[in-house]
Amino acid sequence: MSVMRGRGIASANYPTGMNLGGDPTQALVFCQPTGTFSVKLASTDLGQGLKTVIGQIAAEALGVPLESVVVDTGDTDSAPHDMGTFASRATHRAGNAVIMAATEAKKVLLEVAAEEMEAAPEDLEVRDGQVSVKGTPQRTMSVFDIALAAHFKQGRTISGRGIYLKPKSAIDPETGACDPDSTEAHVTTVADVEVDTETGEVTVLRLASAYEVGRQVNPQMVQGQITGGAVMGMAHTLMESVFPYYPALDHHPGNFGEYVIPTAVDLPELHHVVLEYPSSNGPYGVKGVGEMTANSPIPAIVNAIHDAVGVFVTELPVTPEKVLRALRAKEQL
Amino acid sequence: MATQLATHIVTFQLNGRPHAVTVAPLTTLRTALREDLHLHATKAGCGQGGCGSCTVLLDNELVLSCLVPVTLVDGRSVTTLEGIGGPGRLHPLQEAFHDHFAAQCGYCTAGMIMAAKWLLDRNPNPTRAEIQMALAGNLCRCTGYVPIIEAIEDAARRMSKGVKR
């Protein structure tokens, strides 16, 4: 009886968006008298940081500072339609819709500015909340003043509409081929584990991953998804089960004392690197990097257990009981 | 005729000021904070002492406010997240949590900061392992804990350099 070490590897290609009956998201952008832009979305921020990245995308597309953008999310009664915040699709879909809406709003902004500044709209540019005549930087006007002129002098709304639709892809009856997603992100994870052959206990020592996620709008938030997903993936592998004796419902957990998730003391050593190969259809080259982060750790850990003790436990979670039963079955072969 | 529930008047120091609540028996401290005193930083999570999201300080000791009948805090001192800092007067822990993106959904955050405050009050220069142990009663589903631990390490450094608390 001893503690055995093993290393396992697993890779994933993860889709952004779904096929559904078509997969659209809409956005509305409009300018307040203060020069602040409101972005109205039904998509929601559930902690992944959607409000932040949509704010960044809108600010970039409009040419205004991040502080001049207010992102209003999550009310499906009052916001334009969205299929939902799932399938790692929100930054891709809502981001594209917001760029389209912001582009339309910016066009009106420049038309209003052109009248105020006595210049052609195509000769104007917006940067950091200032509209200026290209090549003549001393001729500038703030977005705030342009917004005031639009509201109270010219009587115009500086606003824009946006939608991103991935049309439904039919399945080819001959080949079964289909184009169900918009883009795919990629990851490979290496897991190092220790398996105690006396107790069946598995300890994850290290998870190291290489990600390719398209353009990162907010690298610190991408890192947050990757770190959180690594620990959640480890927990799915070793700890978590809603019905441990399914289809029997016995011993199903009813509280946090029974449904065990990792605490701050259960962390493996975590490493990752991120590569950026921008997608052709995402906003600024974005791909989805949400759900994928909890995927590759699972097969990597299962493979590492096999490397350590020569058994494949393919039913999750890999509890000490299952490891011991698999080891016993192997001995009896 | 319906039986009228007895009520209790409980007076205690809350974030340095005297407060009183009139409550039914066995009302928890968490319910009194959130529903009677409208202090919503303290979160209602599992209600069974399993998640740590309702963590507050009672006479400078960590308690799970969902397990404390508010009548037991009569004459004592309670500190919630609102009491250690807020907009415009952030505690170094709150600044560090912000800078390290140590919150995603934010549901555990108030409890995490209270547990960290308890630790740093007793041990201003903790090791990483000591920080991890201090957080062991507080569950987080989003972050994988790493940015939270790094934020607490950073806050300890900021506070030891004499940043005003």
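Start by selecting residues 23–31 and 159–166 of chain A: these are strands β2 and β8, paired in the antiparallel sense over eight bridges. Strands here are DSSP E runs of at least two residues, helices are H or I runs of at least four, and both are numbered from the N terminus; two strands pair if DSSP finds at least two bridges between them. Zoom in on A:A27 and you'll find A:G162 of β8(A) standing opposite.

Before moving on, some housekeeping: this is a predicted model, where local features need pLDDT of at least 70 and side-chain atom pairs count only at pLDDT 80 or more, while totals for chains, interfaces and linings use all residues. Residues are numbered from 1 along each chain as its sequence is written, chains are lettered from A and ligands numbered from 1 in the order in which they are written, and side-chain values use heavy atoms, leaving out hydrogens and water.

A:F30 sits opposite A:S38 of β3(A). The hairpin of β2(A) and β3(A) has five residues between the strands, and A:G35 takes a positive phi near 85° there.

Pick β6 (residues 130–133) of chain A and follow the four bridges to β7(A), which runs antiparallel to β6. One to click on: A:Q130, whose bridge partner in β7(A) is A:S142.

How many disulfides does the whole structure hold? Zero, over all chains, counting as a disulfide a pair of cysteine sulfur atoms within 2.5 Å. For B:C105, the nearest cysteine sulfur is that of B:C142, 3.9 Å away. Then select B:C108: the closest cysteine sulfur, in B:C140, is 3.8 Å off, too far for a bond. B:C108 is buried at 11% relative accessible area, whereas B:C105 is partly exposed at 45% (buried is under 20%, exposed over 50%, partly exposed in between, with a 1.4 Å probe and protein chains only).

Last stop: the pockets. The largest has about 950 Å³ of space and 44 lining residues, with B:F97, B:H100, B:F101, B:A102 and B:A103 nearest its centre. A pocket is an open set of points on a 1 Å grid over the protein atoms alone where a 1.4 Å probe fits, with protein on both sides within 12 Å along at least five of seven lines; lining residues have an atom within 4 Å of a point. The volume is the space filled by probe spheres set on those points, joined across faces, edges and corners. α4(A) gives the largest share of this lining, eight residues.

The second largest pocket, about 730 Å³, has 37 lining residues, and A:Q48, A:Q225, A:V289, A:G290 and A:E291 are the closest to its centre. Here too α4(A) gives the most, with eight residues.
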